[in-house]
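I opened this entry to record what I looked up on pockets and strand pairing. The notes follow in the order in which I made them.

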Amino acid sequence: MIRVVLFLLFFPVMLLAAQDAILLELNGIREEYGIPALDSDEASSTAAAVHAHDLSERLSLSHWGNDGSRVAERYRRAGGTGLRAGENLGAGDNIKSIIDAWMDSPAHRENILNPDWFSGGTGVVHLPGGRLILVVVFNNSRWQQKEFRIAEQRVYVDGDLSLSPGIFPQSVFLKITGSEITALTAIINKKNSVSLHFDFPLPDKWQPGGVAAMEMNVFENGELRKTDLILQDIP
């Protein structure tokens, strides 16, 4: 009975480890070089899986999709909000051999060790004969939105912003319809992120049923970084 209970307690952790095994391997490499781990990102995983399937259909490696798309387009199409995306792809007998080859390639190594990538996702397709295709999509998204609501002609936006290592932003603001909305509160909620709250009047151009574009801007170390473009359905 005790063994069954222990298995049920640890099964979700085991399942998560299996799903994120490749990302965990990459994060282990980043840790060796003092670079923060990548967060697992659903949009990146979707884009990577779609492209891995495309490559398996034509049995060739290319950053161009079957529909003529590039990685940034596939990532945004999957719902990603980051303004930049990168991609590693390869084929081999196993995951380790592909990652080892990437670390020997300057361009692929740069993606793995890039501190400006904050999250990523993976896609794998197993080919006949035992070989496999691996695709990893990286992105610079730093915003995890928790709430968006409109009440009494005001807009409320809450979420978490990933922090650059050892740096606290001097300011964070949303750019909307030509205006800059500065975060009202900034609360550090864990080692590498901060909770932000935005509260501003409902813009006249925002109409029910439309889509609002909100650009996340982070000013840190004297430099302005545009990190996310959030396309939000207006209720």
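I took the domain bounds from an automatic or database domain assignment. The model is predicted, so I note that local features need pLDDT of at least 70 and side-chain atom pairs count only at pLDDT 80 or more, while totals for chains, interfaces and linings use all residues. Residues are numbered from 1 along each chain as its sequence is written, and side-chain values use heavy atoms, with hydrogens and water left out.

**Pockets**

I worked on a 1 Å grid over the protein atoms alone, where a pocket is an open set of points at which a 1.4 Å probe fits, with protein on both sides within 12 Å along at least five of seven lines; a lining residue has an atom within 4 Å of a point. Grid points are joined across faces, edges and corners, and a volume is the space filled by probe spheres set on the points.

I looked up the largest pocket and found about 310 Å³ of space in it. Its lining has 17 residues, of which D41, G79, G80, T81 and W143 are the closest to its centre. I read helices (H or I, at least four residues) and strands (E, at least two) as DSSP runs, numbered from the N terminus. Two or more lining residues come from each of α3 (42-58), α4 (71-77), β5 (143-151) and β12 (223-233). The largest share, four residues, is that of β12.

I then turned to the second largest pocket, with about 260 Å³ of space. Of its 16 lining residues, P36, A37, L163, P165 and N192 are the closest to the centre. Domain 1 and domain 2 each supply at least three residues to this lining.

**Sheet**

I counted two strands as paired if DSSP finds at least two bridges between them. Four strands form an open antiparallel sheet in the order β8-β7-β11-β12. β8 (179-182) and β12 are at the edges with a single partner strand each, so one side of each has no neighbour in the sheet.

I followed the pairs in turn. β11 (residues 211-220) joins β12 over 10 bridges, and E215 stands opposite L229 in β12. β7 (residues 171-176) pairs with β11 over five bridges; the bridge partner of S171 is F219 in β11. Four bridges join β7 to β8, and F173 stands opposite T182 in β8. In the hairpin of β7 and β8, with two residues between the strands, T177 takes a positive phi near 40°.
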